[in-house]
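This report describes selected features of a single protein chain. The sequence and the structure are shown first.

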Amino acid sequence: MEKVKKKSSGMNPFVILFAVMLVCAVTSYFISPGAFERVEENGRTMVVEGSFHEVERTPVSIGNFFLAIPQGLVGAASIMFLVMLVGGFVQVYLDTGALDKGISKILRASDKFGSPVVLLIIMLLFSAIGGFLGWAEQIIPFVPIIVSICLALGYDTVVGMASSAFVCMMGFAVSPTNVYTVGISHEIAELPMFSGMWLRLIALVAVETVIMIYILIYAARVKKDPAKSIVYGIDNGSLKRDYSSLKDSRMTKHQILALIIFGITFVVAIFGVLNYSWEMDQLSAVFLAGGLLGGLVGHLGVNGTTGSIVKGAKGAVDGALVIGLARAIQVIMTQGGLIDPIINFFSKSLGGLSPWLAAIGIFVVTLLADGLIPSGSGKAIAIMPILIPLADMIGVTRQTATLAYQFGDGFANMYWFTNGTLLIFLAVSKIPLRKWYKFLWPLQIVLTVIAIAFLGIAIATNYQ
């Protein structure tokens with residue numbers, strides 16, 4: 001048999017983000033400086049439309065360049081700790097054996113119902129997580145597990161990453177109840193929170209249906225002929241788990257109870273987010289409590305449970321640090337005075353367009369801005385105060401402007417190499433960035449057409 005040559009898994013995500021930071025720092029010495037005036041309204045810093053003016057250039061020094069990294073880590077601390085504690089939570093249930101045995105039962109069910117059915121259930125689950133909770137980074141610890149399941153089902157790592165992370169992040173992109181983009185944009189636009197949900201809900205169904213069909217077609221092709229995998233020949237041995245020995249083993253009462261607690265933890269988290277607007281710190285507390293309780297019920301003991309949480313948190317450190325380094329890019333751009341001149345250029349470019357073209361323009365501007373400001377909430381606070389008055393002047397409803405912003409922010413998340421979350425999803429799945437682009441680009445064209453079509457519906461119906 002011919003040996004398959006192992007290929008490189010691609011450039012380290014830290015190297016990519018560090019290079020982007022360096023480019024931003026150098027650019028700060030050449031870009032024409034300028035700034036908007038900002039005012040404090042209802043606890044939020046708002047940009048005053050039409051207030052752009054020249055200011056003194058503030059290039060990023062070598063000292064401030066390196067200082068931006070710890071500042072980025074501090075700025076992203078809440079989400080970083082959540083990712084680490086969710087990692088500890090997952091490790092507890094792996095160490096009790098409850099999660100592996102539960103997965104083995106899923107794989108055994110695939111023999112009866114077929115692996116496409118299992119894959120579809122996985123995608124529906126992560127679609128709901130992204131679509132209704134607005135989660136993205138929070139699922140990092142779960143991606144390697146889904147990848148291992150997909151490998152056991154005869155698929156590849158792309159199927160595993162796409163059916164979990166990609167589906168989740170695209171649910172985030174068109175979520176009817178996304179606190180981080182829709183919620184903040186509605187507050188800035190002075191619209192009822194999550195109003196106009198009907199169109200976003202239809203968009204969620206349309207977008208996720210297209211994605212799931214695309215993934216299922218690719219998955220069937222790979223299962224039939226592994227050589228047709230986009231990542232064929234890349235070593236994924238560390239992601240494989242042997243579930244075959246567990247297929248016929250019975251779960252103990254303690255493991256069943258632990259799995260029930262596992263599910264209850266998610267129910268509590270979802271309830272808190274939807275009813276009490278819980279954020280990162282509250283969710284971290286919930287998953288920490290769920291991990292401790294699951295470990296004790298699963299007979300790991302106090303020391304064993306603590307050790308599992310620490311072990312899982314260590315395993316999630318890489319992902320957490322990538323998120324922090326991505327936030328450092330925003331720190332560099334703020335210190336170098338890059339954000340306001342770029343926002344001013346983009347906002348001026350939309351003047352004089354028809355309502356539909358202006359809505360598409362907001363979509364495109366947000367797509368481009370996402371490469372510079374990956375944070376959906378941070379970007380909303382920065383540019384929505386400019387886009388909302390502009391939308392009023394050119395005849396685009398505020399609801400349509402919000403929709404265009406949401407689409408632009410979410411759709412770009414899966415291809416901008418400045419997005420730390422995407423990079424860590426690819427890293428933990430051992431998928432090189434260029435290979436991901438090869439999988440993504442045909443689908444991305446279709447999704448962009450869908451987004452533009454929904455913006456057309458919004459304009460035609462005077463979306464409110």
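Which residues make the nonpolar surface patch of about 410 Å²? In this predicted model, the patch is made by Ile 256, Leu 257, Ile 260, Ile 264 and Val 268. One of these residues, Ile 264, belongs to helix 10, which spans residues 253–276. Ile 264 has a relative accessible area of 48% and is therefore partly exposed.

**Aromatic pairs**

Helix 10 also contributes aromatic side chains. The structure holds 23 aromatic pairs. In one of them, the ring centres of Tyr 93 and Phe 262 are 5.0 Å apart and the planes meet at 75°, so the arrangement is edge-to-face. Because Tyr 93 is in helix 3 (residues 77–95) and Phe 262 is in helix 10, this pair ties together parts of the chain that are 169 residues apart in sequence. Tyr 93 and Phe 262 are both buried. Phe 266 and Phe 287 form another edge-to-face pair, with 5.3 Å from centre to centre and 75° between the planes. Here Phe 266 comes from helix 10 and Phe 287 from helix 11 (residues 280–297), so the parts tied together are 21 residues apart in sequence. Phe 266 is buried, as is Phe 287. One aromatic cluster takes in Phe 89, Tyr 93, Phe 142, Phe 262, Phe 266 and Phe 287.

**Salt bridges**

Side chains of opposite charge can pair when their charged atoms come close.

| Salt bridge | Closest N and O atoms |
|---|---|
| Arg 241 and Asp 100 | 2.6 Å |
| Asp 409 and Lys 379 | 2.6 Å |
| Asp 392 and Arg 398 | 2.7 Å |

The salt bridge of Arg 241 with Asp 100 links distant parts of the chain, 141 residues apart: Arg 241 is in the loop between helix 9 (197–224) and helix 10, and Asp 100 is in helix 4 (residues 98–113). Arg 241 is partly exposed, at a relative accessible area of 37%, whereas Asp 100 counts as buried at 12% relative accessibility.

In the salt bridge between Asp 409 and Lys 379, Asp 409 lies in helix 17 and Lys 379 in helix 16 (residues 376–394), so parts 30 residues apart in sequence are tied together. Asp 409 and Lys 379 are both buried. Helix 17 itself (residues 398–412) is mostly covered, with 14 of its 15 residues buried. Helix 17 reaches 21 Å from its first C-alpha to its last, close to the 21 Å expected at 1.5 Å a residue.

Asp 392, which forms a salt bridge with Arg 398, is partly exposed at 39% relative accessible area. Arg 398 also counts as partly exposed, at 26% relative accessibility. Salt bridges that share partners join Glu 190, Asp 392 and Arg 398 into one network.

**A buried serine**

Ser 127 lies in helix 5 (residues 115–133). Its relative accessible area is 9%, and Ser 127 is therefore buried. Leaving aside neighbours within four places in sequence, Ser 127 is in contact with Val 167, Gly 171, Leu 204, Glu 208 and Met 212.

**Backbone angles**

Most residues other than glycine have a negative phi. Lys 430 has a positive phi of about 60° although it is not a glycine. Lys 430 sits in the loop between helix 18 (420–429) and helix 19 (433–460), and at 27% relative accessibility Lys 430 counts as partly exposed. Asn 462, not a glycine either, has a positive phi of about 50°. Asn 462 lies in the segment after helix 19 and is partly exposed, with a relative accessible area of 47%.

Notes:
Residues are numbered from 1 along each chain as its sequence is written. This is a predicted model: local features need pLDDT of at least 70, side-chain atom pairs count only at pLDDT 80 or more; totals for chains, interfaces and linings use all residues. Side-chain values use heavy atoms; hydrogens and water are left out. Helices (H or I, at least four residues) and strands (E, at least two) are DSSP runs, numbered from the N terminus. The expected span of a helix is 1.5 Å times one less than its number of residues. Buried means under 20% relative accessible area, exposed over 50%, partly exposed in between (1.4 Å probe, protein chains only). Contact means heavy atoms within 4.5 Å. Patches are made of residues with over 30% relative accessible area and no salt bridge: like charges are joined within 9 Å, nonpolar side chains (Val, Leu, Ile, Met, Phe, Trp, Tyr) within 5 Å. Accessible areas come from the Shrake-Rupley method with a 1.4 Å probe; for residues, only the protein chains shown count as cover. A salt bridge is a side-chain nitrogen of Lys or Arg within 4 Å of a carboxyl oxygen of Asp or Glu. Rings of Phe, Tyr and Trp (its six-membered ring) pair if their centres lie within 6.5 Å; planes under 30 degrees apart count as stacked, over 60 as edge-to-face and the rest as tilted.
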